[in-house]
Amino acid sequence: KDKRAEILEAHTRNGAKYNLFFDAKTYLLLMMTESWTNKENKSFENKYFYSDYQEKGGLLVATKIIVEKNGKVVEEKTIKDLKVNTTFTSNFFDVK
């Protein structure tokens with residue numbers, strides 16, 4: 001609420017919309033929203049809040065995630081530990 005954000009918007013083929021809110025100074029993910037309308041024309045929205053960033057396995061990770069569905073908090077997650085796959089190589093995504 002008190003932060004400025006850069007917003008990235010994406011749409012899927014089935015009509016779902018995603019907005020990713022990144023802190024304007026640090027570029028850390030603050031929130032993601034997903035919204036869609038079903039076949040009965042009823043709208044839905046989920047929000048995911050990311051906070052308490054800590055270094056885990058050499059990565060900066062949001063250790064607190066709150067999930068809100070249609071305006072109600074339905075889940076709170078805390079990441080206590082993270083194992084990073086150290087065998088991951090930089091050419092993993094090379095097109096062959």
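A residue counts as buried under 20% relative accessible area, as exposed over 50%, and as partly exposed in between. That scale is needed for two residues discussed below. The model is predicted.

Six strands make up an open sheet, and their order is 1-2-3-4-5-6. The pairing is antiparallel. Strands of a sheet pair through backbone hydrogen bonds. Strand 1 (5-11) and strand 6 (72-78) are the edges, each pairing on one side only. Between neighbouring strands of this sheet the average turn is 20°, direction ignored.

Next, the backbone angles. Tyr27 lies in the loop that links strand 2 (17-23) with strand 3 (29-37). Its phi is positive, near 65°, and Tyr27 is not a glycine. How accessible is Tyr27, buried or exposed? The relative accessible area of Tyr27 is 53%, so this residue is exposed.

Asp52 also calls for a look. Asp52 sits in strand 4, which covers residues 43-56. Phi of Asp52 is positive too, at about 55°, although the residue is not a glycine. Why does Asp52 count as partly exposed? Its relative accessible area is 46%.

Taken together, the two positive phi values belong to a loop residue, Tyr27, and to a strand residue, Asp52.

Conventions. Residues are numbered from 1 along each chain as its sequence is written. This is a predicted model: local features need pLDDT of at least 70, side-chain atom pairs count only at pLDDT 80 or more; totals for chains, interfaces and linings use all residues. Side-chain values use heavy atoms; hydrogens and water are left out. Two strands pair if DSSP finds at least two bridges between them. Helices (H or I, at least four residues) and strands (E, at least two) are DSSP runs, numbered from the N terminus. Axes are lines fitted to C-alpha atoms, for helices over the stretch in contact, and angles run from 0 to 180 degrees between N-to-C directions. Buried means under 20% relative accessible area, exposed over 50%, partly exposed in between (1.4 Å probe, protein chains only).
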